[in-house]
Amino acid sequence: MKRSALLALGSALLMAVGAVPAQATAPAKDRGNVVGEWYDVTAQTVDAAGAPTQITNSRTWAIGWIAAARATREAPHGPHRAAFQDAAVASAVHDALAALAPTRKAELDAALAATLRRVPDGSAERRGVAAGARQAKAVLASRTGDGLDPASVNAPFTVPAAAPGVWQPTPNGYAPAVQYGNRVAKPFLLDSPRQFRIGPPPALGSARYLADLAEVRAYGAADSTVRTARQTETATFWYGGSLALYTEPLRVALSRSRASTAERAAFVGLFHAALVDTQIATSDSKYTHLRWRPVTAIRTGNVAQDTTWSPLHNTPAHPDYPSGHGTYAGAAEVLLTSLAGARTAPYTLTSPTAPGVTRTYTGWQQLTRENVDARVWSGIHSRTADEAGVRLGADVAGYALRHAHRLFR
C-alpha cells in the first residue's frame, strides 16, 4: 500500500473517531496529556504485572484503549468536552487494567486520583468517569473467552514425525511448541485467523531455499567469521520482544501527531488490536506450513550438514515461516506511517536485550529493515521467513485501518 494511501486511511480514522472538526481542536502542545500519561501507566503496568505471553499483553493494551476511545465519543460538545474526555480516558484505562492486572490496583488507583485532581470538578468529570467505567466493562465482556489467555495461547501441540523441512523442537532445551493456540483465538477485526494465510515457503532444494540456508549458516552462526560487530549488535538489539521494542516508537508517533485526545486514544487501541490480529495470523501461517528452523535444517538436512552448528541466539519454540518479528514490524510500520508519516525527526531507542546500546532513527521502515536482518544474523530465521512476515503484517494492518471503525461503534 502506498504511503499516501496509508496517510489517507489514518486521517479518515482519526476524523471519524474524533467526531470534532479539525479547525475546532487546540494546538498539539495543549492537547493529549492524559493520553501520554495513561500510555505510560499502561506500559508500566504491563511491564510489572503482565502475562508471560506477548499477545495477552497486546490484548490488555487493546481492551483498555478501545474502551477509552469509545468513552471519549460520548463527550458533549462545548467548553466541558476536554474535562469529560480526560476523565473518560483515565477511567476506562484504569478499570481495564485493574481487571486484567489486579496486583497493580493500588498503583492504578493512585494514578487515577492524580489525573482526576487536575480535571475540574463537576458533572463533566463525573460523566466522563462513568463513561470510562461503562465502556471498560463492555469491552472486557466482549473479549471474554477469546482464547488469548496464556494457557489457551500455549495450547498443547503434537509434534509431527521428523521429516525434511518439518519443524521439530530446537536446541538448546528442545522446548515444546508455543503460540499454537493463537491460530484459533478470536481476532479483533479479522473475519478469520486464516484470512491472510500466506503461501508455502520455498521448496527444499530450490535456489531461494539454498540461498537462505547459506546466508543464515554463515551470518547467523554463534562463531560466525563474517558477521560484523555492528551486525551482531543489531541481532542482539532486536532479540527482545516486539511489544516492548515498539512501545517507544508508538509513543514518539503519538507525541508528534496533531491528533486530538479522542483520536490518539483510538489510535492506541487500533494499533494493539491490529497487532493482536497480526500475531493470530502469524501463528495460523506458522502452524499451517510447519517449516523447520535453520538450526534443524543445518544440523540434520542433506545440504552441507553440520551437526555442531549453533545460532548466535537461542531459537524460539515455534516454526520458522513466517517470522513473528517480521509480521509485527510490517504491521507496525503501516500503522505508524498512517499516523505520523513515513519519516520523522530523529528519535532514540534502547533495548532490554542490549544494555547500554542506544540507536537513533528517523522513520519506521528502518525498524522493519533491522528486524529482517536481525533474525538472520541471530541465526534463528531465514530471510524469506522475515520478508514474508513483513508482507503478512502489512496486509493485516492495512485491513485493520480500512475496518477500524468497527472497533469504536
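Biologist: How many helices and strands are there in the protein chain?

Modeller: This is a predicted model. The protein chain has 16 helices and two strands.

Biologist: What makes the protein chain as compact as a globular protein of that length?

Modeller: The globule rule gives 22 Å for 409 residues, and the radius of gyration of the protein chain is 22 Å, so the chain is as compact as a globular protein of that length. Along the principal axes, its C-alpha atoms fill a box of roughly 75 × 40 × 35 Å. Buried residues are 56% of the 409 residues.

Biologist: Which residues of H3 and H6 meet?

Modeller: Ile63, Ile66, Ala67, Arg70 and Ala71 in H3 meet Ala131, Gly132, Gln135, Ala136, Val139 and Leu140 in H6. By class, this contact has eight nonpolar, two polar and one charged residues.

Biologist: Why is H2 called roughly antiparallel to H11?

Modeller: The axes of H2 (residues 33–49) and H11 (residues 247–255) cross at roughly 175 degrees. The cut-off for roughly antiparallel is over 145, so H2 is roughly antiparallel to H11. Here Tyr39, Asp40 and Ala43 in H2 meet Thr247, Leu250, Arg251 and Leu254 in H11. These residues divide into four nonpolar, one polar and two charged.

Terms used
Residues are numbered from 1 along each chain as its sequence is written. This is a predicted model: local features need pLDDT of at least 70, side-chain atom pairs count only at pLDDT 80 or more; totals for chains, interfaces and linings use all residues. Side-chain values use heavy atoms; hydrogens and water are left out. Contact means heavy atoms within 4.5 Å. Helices (H or I, at least four residues) and strands (E, at least two) are DSSP runs, numbered from the N terminus. Ala, Val, Leu, Ile, Met, Phe, Trp, Tyr, Cys and Pro count as nonpolar, Asp, Glu, Lys and Arg as charged, and the others, Gly among them, as polar. Axes are lines fitted to C-alpha atoms, for helices over the stretch in contact, and angles run from 0 to 180 degrees between N-to-C directions. Angles under 35 degrees count as roughly parallel, over 145 as roughly antiparallel, 65 to 115 as roughly perpendicular and the rest as oblique. The radius of gyration is taken over C-alpha atoms; the globule rule is 2.2 Å times the number of residues to the power 0.38. Buried means under 20% relative accessible area, exposed over 50%, partly exposed in between (1.4 Å probe, protein chains only).
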